[in-house]
Each structure stands twice: as structure tokens, then as C-alpha cells.
Amino acid sequence: MNHREDLEFELQKVKLAIQEVIEDICITDKERQERIKKLIDYKEAIIYKGRELCIELEAA
């Protein structure tokens, strides 16, 4: 895999993880918000890394 594919794959995994957290009925709202915030921070880091490498990510 190249950098673009790696970043797009990571971005897709984060999006799926966010969706799973949203749909998880076994956690509290506070816990849900904390997890989503961490995942969004990670998503933004992936996008930033793509920009550093001058890669336009399709999954963004």
C-alpha cells in the first residue's frame, strides 16, 4: 500500500468506529461523547497528515 491508500483506509476505519459508537446502546451519553471526540481528533490528524503529504483523501 502507498501513503494515500493507508490514510484512506485509516479514515474509513475511524468513520466506521464513530458509527459504531453512535449506535452502541450499552454506553452512557458522556462516554459516547468522549469516544466520539477522540475519534474525531484522530480523524482530523489523518486528514492533516494527508495535507502534509499533499494527498487529497477521497474518504474525507
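Which residue just after H2 takes a positive phi of about 60°? That residue is Cys54. The details come further down.

## Basis of the model

This is a predicted model, in which local features need pLDDT of at least 70, side-chain atom pairs count only at pLDDT 80 or more, and totals for chains, interfaces and linings use all residues. Residues are numbered from 1 along each chain as its sequence is written, and side-chain values use heavy atoms, with hydrogens and water left out.

## Overall layout

The protein has two helices and zero strands. Helices (H or I, at least four residues) and strands (E, at least two) are DSSP runs, numbered from the N terminus. Along the principal axes, the C-alpha atoms fill a box of roughly 40 × 15 × 15 Å.

The protein has 60 residues, and 27% of them count as buried. Buried means under 20% relative accessible area, exposed means over 50%, and partly exposed lies in between (1.4 Å probe, protein chains only). Take the contacts in the protein with a separation of 6 or more: residues 24 or more positions apart account for 65% of them. Contact here means heavy atoms within 4.5 Å.

## How H1 and H2 pack

Helix H1 covers residues 3-23 and helix H2 covers residues 29-52. Their axes come within 10 Å and cross at roughly 165°. That makes H1 roughly antiparallel to H2. Axes are lines fitted to C-alpha atoms, for helices over the stretch in contact, and angles run from 0 to 180 degrees between N-to-C directions. Angles under 35 degrees count as roughly parallel, over 145 as roughly antiparallel, 65 to 115 as roughly perpendicular, and the rest as oblique.

The crossing of H1 and H2 is left-handed. On the H1 side, the contact is made by Leu7, Glu10, Leu11, Val14, Lys15, Ala17, Ile18, Val21 and Ile22. On the H2 side, the residues include Arg32, Arg35, Ile36, Leu39, Ile40 and Tyr42. Lys43, Ile46, Ile47, Lys49 and Gly50 of H2 also take part. The contact residues divide into 13 nonpolar, one polar and six charged. Ala, Val, Leu, Ile, Met, Phe, Trp, Tyr, Cys and Pro count as nonpolar, Asp, Glu, Lys and Arg as charged, and the others, Gly among them, as polar. An α-helix has 3.6 residues a turn, so residues three or four places apart point the same way.

## Inside H2

H2 has 24 residues, which should span 34 Å at 1.5 Å a residue. Its end C-alpha atoms are 34 Å apart, which agrees. The expected span is 1.5 Å times one less than the number of residues.

The buried residues of H2 are Arg32, Ile36, Leu39, Ile46, Ile47 and Gly50. Their cover includes H1. Ile36 illustrates this: leaving out residues up to four places away in sequence, Ile36 touches Val21 and Ile22.

## The segment after H2

Cys54 sits in the segment after H2. Its phi is positive, about 60°, although Cys54 is not a glycine. Most residues other than glycine have a negative phi. Cys54 counts as exposed, at 72% relative accessibility.

At 16% relative accessibility, Ile55 counts as buried. Leaving aside neighbours within four places in sequence, Ile55 is in contact with His3, Arg4, Leu7 and Gly50. The C-alpha atoms of Ile55 and Asp6 are separated by 11 Å, at 49 residues apart along the chain.

His3 is found in H1. It is exposed, with a relative accessible area of 55%. Not counting residues up to four places away in sequence, His3 touches Leu53 and Ile55. His3 and Ile55 are 52 residues apart along the chain, and their C-alpha atoms are separated by 8.4 Å.

Glu20 is also found in H1. At 57% relative accessibility, Glu20 counts as exposed. The C-alpha atoms of Glu20 and Glu52, 32 residues apart along the chain, are separated by 29 Å.

Terms used
Left-handed = near helix turned anticlockwise from the far one by under 90°.
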